[in-house]
Amino acid sequence: MSCAFDIDHYGELIEAAKAGGYRFAFFDGEPQSGELLLRHDVDLSLDAAVTLAELEAAAGAQATYFLMTRSVFYNLASAEGERVLARLRELGHRVGLHAVHPHLDLDGRFDRVVAWHNPDAGFMREPLDGAVNVMQPGYFDPDHYRSDSNQHWRSGCPHEQLAAGGFDWLQLLTHPEIWVYPGATMRETMASMLDAERERDITRLADDRIDLG
Ligand SMILES: [Zn+2]
Ligand SMILES: [Zn+2]
């Protein structure tokens, strides 16, 4: 099995978790033995989030998608953004806030759970009033956490350990765009995403009644 950052291997990670006997859990209580908390920080692409969400739903997996209200790459308040929110919920996933410090726009669109975007060490693990911080004590510790940052697993791809039930519990952070768009490097993957977004923008222009004739 090659540990590529592609949609096939993402599916294999989910299958590995099922083989390892993990239960898919949300951030609504401190993780218990045997639980896998799938966390997705959606930094760049709502389309990629929906692609991953559909794959997970088909595999019987549930995740928490953390969406931004202050992204420069997508607008959650647009009709497109609202459709994605509804679709993620319809697929059985939860939606949390991917917040830009110090703004906590925790309105009715979100469950009471927050993941800071690019956090500084100073506030990263601080508990919040009335909401779970995914990195607060009880939800995060280094032995029970893996992340795919920039197509790099600091402690190696977790699929083998998942299949063997090697984690007592795990918070697994993945970024949908890294897996959905093809490319052997982060740069190639981002180029694929930008190509796809350009196609989307042409449709958006037409939808906005711009004359492209
Ligand atoms: Zn792997
Ligand atoms: Zn982020």
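1. In the contact between helices H1 and H2, the residues Ile 7, Tyr 10, Gly 11 and Ile 14 of H1 meet Thr 51, Leu 52, Leu 55 and Glu 56 of H2. By class, this contact of H1 with H2 is made up of 5 nonpolar residues, 2 polar residues and 1 charged residue. Please keep in mind throughout that the model is a predicted one.

2. As for the geometry of that pair, H1 covers residues 7–19, and its axis comes within 10 Å of the axis of H2, the two crossing at roughly 40 degrees. Angles under 35 degrees would count as roughly parallel, and those from 65 to 115 as roughly perpendicular, and H1 and H2 are therefore described as oblique to each other. The crossing in which H1 passes H2 is right-handed.

3. Helix H2, which spans residues 46–58, also packs with helix H3, which spans residues 79–90, and here the angle is about 15 degrees while the axes lie 10 Å apart. H2 and H3 are therefore roughly parallel to each other, and H2 passes H3 in a crossing that is left-handed.

4. The residues that H2 brings to this second contact are Leu 46, Ala 49, Val 50, Ala 53 and Glu 54, and they meet Gly 81, Val 84, Arg 87 and Leu 88 of H3. Sorted by class, the contact of H2 with H3 holds 6 nonpolar residues, 1 polar residue and 2 charged residues.

5. Because His 98 belongs to strand S4 (residues 94–99) and His 117 to the loop between strand S5 (113–116) and helix H4 (121–124), the pair ties together parts that are 19 residues apart in sequence.

6. Two details of the backbone also deserve a check. The peptide bond that runs from His 101 to Pro 102 is cis, with omega near 5 degrees, and Pro 102 is placed in the loop between S4 and S5. Asn 118, although not a glycine, has a positive phi of about 45 degrees, and Asn 118 is found in the loop between S5 and H4.

Key. Residues numbered from 1 in each chain as written. Chains lettered and ligands numbered in written order. Predicted model: local features only at pLDDT ≥ 70, side-chain atom pairs only at ≥ 80, totals over all residues. Heavy atoms only, no water. Axes fitted to C-alpha atoms, helices over the stretch in contact; angles between N-to-C directions. Helix = DSSP H or I, 4+ residues; strand = E, 2+ residues; numbered from the N terminus. Parallel < 35°, antiparallel > 145°, perpendicular 65-115°, else oblique. Left-handed = near helix turned anticlockwise from the far one by under 90°. Contact = heavy atoms within 4.5 Å. Nonpolar A, V, L, I, M, F, W, Y, C, P; charged D, E, K, R; others polar.
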